[in-house]
Amino acid sequence: MNQKALWNLSYGVYIVSVWDGERPTGCVVNSAMQITAEPATVAISVHHDNYTNGCIEKTGRFAITVLSEKTEPSIIGTFGFQTGKEINKFDSVKYDLKNDMPIVKDGCAYLVCEVINKMETSTHTVFLGKVLDADFISDEEPMTYSYYHKVIKGKSPKNAPTYIGVENETEENKLKEKRAKYVCSICGYEYTGDIPFEDLPEDYVCPVCGQPKSVFVKKE
Ligand SMILES: Cc1cc2nc3c(=O)[nH]c(=O)nc-3n(C[C@H](O)[C@H](O)[C@H](O)COP(=O)(O)O)c2cc1C
């Protein structure tokens, strides 16, 4: 099976945010979709190991910020590759409160939801949320998952439902893997620019997670 065919399913890129009791936190998800219009409901799929999962479980609420093509990619680095168990993600990201829920300012729309049902899978909880409030934040284009992969060259970490392990790579991709390349050891971003990686200035930072050039590792 070529599991990459599943990447042809279309998604967006979102921040699911929540309170942990004292502070706001959250994570990146691609798995958010509208389920019904009347009443407006949406579903999200959140990995059992994500700190965000337990916070949604406890509070019964979550918000979704729809990221745009202009959203600072380091927000995806912070929310998608680090855990709220260890850092306060909203320390470095500006947010507003809507219906008391934290909404990332650098997005194009938001939804505030109340959990009305959930379904367990072996790895993820699917939360069904009734939409209590929603509005635009800006008129920028929403970021699609395809844009994230093709333009930002972002990767999906293990807890994303769309994660593909090396064993599922196609033969063509396995050959590409053999070429020398530089990869960010923090978020997995692969440098593909025209300037040889070695010639980049020392103040070059990973465009996804904002970490310095020194964290990149050469892969053969
Ligand atoms: C582009 C992208 C899409 C992701 N989609 C999902 C998703 O749909 N569900 C999920 O559980 N994790 C997803 N993740 C992974 C979580 O965002 C990541 O594991 C995060 O570090 C969890 O943070 P937390 O422990 O603070 O909740 C995604 C990450 C990225 C970068």
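The model is predicted: local features need pLDDT of at least 70, side-chain atom pairs count only at pLDDT 80 or more, and totals for chains, interfaces and linings use all residues. Residues are numbered from 1 along each chain as its sequence is written, and side-chain values use heavy atoms, with hydrogens and water left out.

**View 1. The whole chain.** The chain holds 4 helices and 11 strands (DSSP runs: H or I of at least four residues, E of at least two). Its radius of gyration is 18 Å, close to the 17 Å of the globule rule for 220 residues, so the chain is as compact as a globular protein of that length. That radius is taken over C-alpha atoms; the rule is 2.2 Å times the number of residues to the power 0.38. The C-alpha trace spans about 50 × 40 × 35 Å along its principal axes.

**View 2. The interface between domain 1 and domain 2.** Here 4 residues of domain 1 contact 5 residues of domain 2 (heavy atoms within 4.5 Å). The domains bury about 430 Å² between them, 64% of it on carbon and sulfur atoms. Buried area is the accessible area (1.4 Å probe) that two parts lose on being put together, summed over both. In domain 1, Pro 73, Ser 74 and Phe 81 lose the most area to domain 2, together 66% of what that side buries.
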